[in-house]
Amino acid sequence: MFEILLAPEAVEDLRKLKAGERAAVKEALETRLRHEPTKTSRSRIKRLRGVARPQYRLRVEEVRVFYDVSSSTVEVLAIVPKPEAESWLAQFGSPN
C-alpha cells in the first residue's frame, strides 16, 4: 500500500476545484493510486515520456493529476484542469 502525499501546490490546486471535481479526484487518488499507482491503463494512468518529473498522469474526468512514485510513496505534484495540463507540463515538467 502506498502513502499519498500532496505537494503544497497540489493542495492549492485541489482547493480551487469545484466540489464535485474535488470529490472525484480524492476518490480516484484512493482507488487508483493507493494500491497500484504504476499500473498504466489506456484510459486512466499514463506513464509520461520525455520528462523525468512528473513520472505519471492520472485522468479524472476533465482534471489531470501529475505525480511521481517512489518505493512506498506517491507524491502528487499538481492537479490541473485538462486545458491547462499541457502548459503546466511545459512549465514545470523536468526534461529527461
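This is a predicted model: local features need pLDDT of at least 70, side-chain atom pairs count only at pLDDT 80 or more; totals for chains, interfaces and linings use all residues.
Next, the largest pocket. It holds about 410 Å³ of space. There are 19 lining residues, and those closest to the centre of the pocket are Asp 13, Ile 79, Val 80, Trp 88 and Phe 92. At least two lining residues come from each of α1, β6 and α3 (82-92). Helix α3 gives the largest share of the lining, 5 residues. Sorted by class, the lining has 9 nonpolar, 7 charged and 3 polar residues.

Now the aromatic rings. The structure has 3 aromatic pairs. One of them is Tyr 56 with Tyr 67, a stacked pair at 5.5 Å centre to centre and 15° between the planes. Tyr 56 sits in strand β4 (residues 56-60) and Tyr 67 in strand β5 (residues 63-69), so this pair ties together parts 11 residues apart in sequence. Both of these tyrosines, Tyr 56 and Tyr 67, are buried.

Phe 66 and Trp 88 also form a stacked pair, with 4.8 Å centre to centre and 10° between the planes. Because Phe 66 is in strand β5 and Trp 88 in helix α3, the pair ties together parts that are 22 residues apart in sequence. Phe 66 counts as buried, at 2% relative accessibility. Trp 88 is buried too, with a relative accessible area of 14%. Ring pairs join Phe 66, Trp 88 and Phe 92 into a cluster. Trp 88 and Phe 92 were both named among the residues closest to the centre of the largest pocket.

Last, a loop residue. Where is Thr 40? It is in the loop between α2 and β2 (45-47). At 45% relative accessibility, Thr 40 counts as partly exposed. Leaving out residues up to four places away in sequence, Thr 40 touches Ile 45, Lys 46, Arg 47 and Tyr 56. Tyr 56 is the stacking partner of Tyr 67. The C-alpha atoms of Thr 40 and Leu 6 are separated by 20 Å, and the two residues are 34 residues apart along the chain.

Key
Residues are numbered from 1 along each chain as its sequence is written. Side-chain values use heavy atoms; hydrogens and water are left out. Helices (H or I, at least four residues) and strands (E, at least two) are DSSP runs, numbered from the N terminus. Buried means under 20% relative accessible area, exposed over 50%, partly exposed in between (1.4 Å probe, protein chains only). Contact means heavy atoms within 4.5 Å. On a 1 Å grid over the protein atoms alone, a cavity is a set of points where a 1.4 Å probe fits but cannot get out, and a pocket is an open set with protein on both sides within 12 Å along at least five of seven lines; lining residues have an atom within 4 Å of a point. Grid points are joined across faces, edges and corners, and a volume is the space filled by probe spheres set on the points. Ala, Val, Leu, Ile, Met, Phe, Trp, Tyr, Cys and Pro count as nonpolar, Asp, Glu, Lys and Arg as charged, and the others, Gly among them, as polar. Rings of Phe, Tyr and Trp (its six-membered ring) pair if their centres lie within 6.5 Å; planes under 30 degrees apart count as stacked, over 60 as edge-to-face and the rest as tilted.
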